[in-house]
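Please keep the structure open beside the text.

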Amino acid sequence: MTLEELSTKLELAELVDKCAVAVDKGDYEAATACFTPDAESTGYNTEGKEVFHYVGTEEIQKGFRDLLAPYATPYHVNAQKIFELDGDTAKGTVYCQDFYVVRYKSGRGSILEQGCVYDDSYVKQDGKWLIKSRTVTSKWREER
């Protein structure tokens, strides 16, 4: 692996993590800045059923708000990341473990935990890597 390839893979890993941190902070504008304006994001539950499909950063930003509204605290942990480079485009597979804290009016709470896989495509535009498409597949889910 060349230094340029290594540098690109580090940039892509930082892009994925930057998006997750922005989502966790509730900064959906910063999160969607990680996507191309015409990006697509599709999600599947553990049964393989499509649960969302958004096109464009406005829809993606609204999707972040809507999907995360029920949770007091989202927390995404990105783990394994594999990137395949092809000039100014790339593909990536990222394993993520999500934790969502649910607070009830009674003061009690629960934690929803899930493992998912992001299958991403990336493009370099104006010297900056962005997410062109993201497919999120939930592999397992547990509430406690």
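This is a predicted model: local features need pLDDT of at least 70, side-chain atom pairs count only at pLDDT 80 or more; totals for chains, interfaces and linings use all residues.

Q: How many residues does α1 have, and what span is expected for it?
A: Helices here are DSSP runs of H or I with at least four residues, strands are runs of E with at least two, and both are numbered from the N terminus. The expected span of a helix is 1.5 Å times one less than its number of residues. With 23 residues, α1 reaches 32 Å from its first C-alpha to its last, close to the 33 Å expected at 1.5 Å a residue. Just after α1, G26 has a positive phi of about 80°.

Q: Which residues of α1 are buried?
A: A residue is called buried under 20% relative accessible area, exposed over 50% and partly exposed in between, using a 1.4 Å probe and protein chains only. In α1, the buried residues are T8, L12, A13, L15, V16, C19, A20, A22 and V23.

Q: Where is D27, and how far is it from Q61 in space?
A: D27 sits in the loop between α1 and α2. D27 is partly exposed, with a relative accessible area of 37%. From C-alpha to C-alpha, D27 and Q61 are 9.5 Å apart in space, although 34 residues apart in sequence.

Q: Which residues of α3 are buried?
A: In α3, they are I60, G63, F64 and L68. These residues cover an arc of only 100° around the axis, which puts them on the same side of α3; the arc is that of the directions from the helix axis to the C-beta atoms. Contact means heavy atoms within 4.5 Å. The buried residues of α3 pack against α1, α2, β1, β2, β3 and β4.

Q: How do I read strand pairing, and which strands does β1 join?
A: Two strands pair if DSSP finds at least two bridges between them. β1 runs parallel to β6, with 6 bridges joining them, and G43 has V136 in β6 as its bridge partner. β1 also runs antiparallel to β2, through 5 bridges, where T42 stands opposite H53.

Q: Which residues does V55 touch?
A: V55 lies in strand β2 and is partly exposed, with a relative accessible area of 40%. Not counting residues up to four places away in sequence, V55 touches D38, A39 and E40.

Q: How many bridges link β3 to β4, β4 to β5, and β5 to β6?
A: β3 and β4 are antiparallel and share 12 bridges, with F83 opposite G92. The antiparallel pair of β4 and β5 has 15 bridges, and Y95 stands opposite V117 there. β5 and β6, also antiparallel, are paired over 14 bridges, and L112 has E143 as its bridge partner. Since 12 of the 17 residues of β5 are buried, β5 is largely enclosed by the rest of the structure.

Q: How should I read a positive phi in a turn?
A: Most residues other than glycine have a negative phi. In the hairpin of β1 and β2, with 5 residues between the strands, G48 takes a positive phi near 85°. The hairpin of β3 and β4 has 2 residues between them, and G87 in the turn has a positive phi of about 65°. D126, a residue other than glycine, has a positive phi near 55°. D126 lies in the loop between β5 and β6 and is exposed, with a relative accessible area of 85%.

Q: What is the volume of the largest pocket, and which element supplies the largest share of its lining?
A: Rolling a probe the size of a water molecule over the atoms shows where empty space is left. On a 1 Å grid over the protein atoms alone, using a 1.4 Å probe, a pocket is an open set of points with protein on both sides within 12 Å along at least five of seven lines, and lining residues have an atom within 4 Å of a point. Grid points are joined across faces, edges and corners, and a volume is the space filled by probe spheres set on the points. The largest pocket has a volume of about 610 Å³. Of its 31 lining residues, the closest to the centre are F52, L67, Y100, Q114 and V136. The largest share of the lining, 5 residues, comes from α3.

Technical notes
Residues are numbered from 1 along each chain as its sequence is written. Side-chain values use heavy atoms; hydrogens and water are left out.
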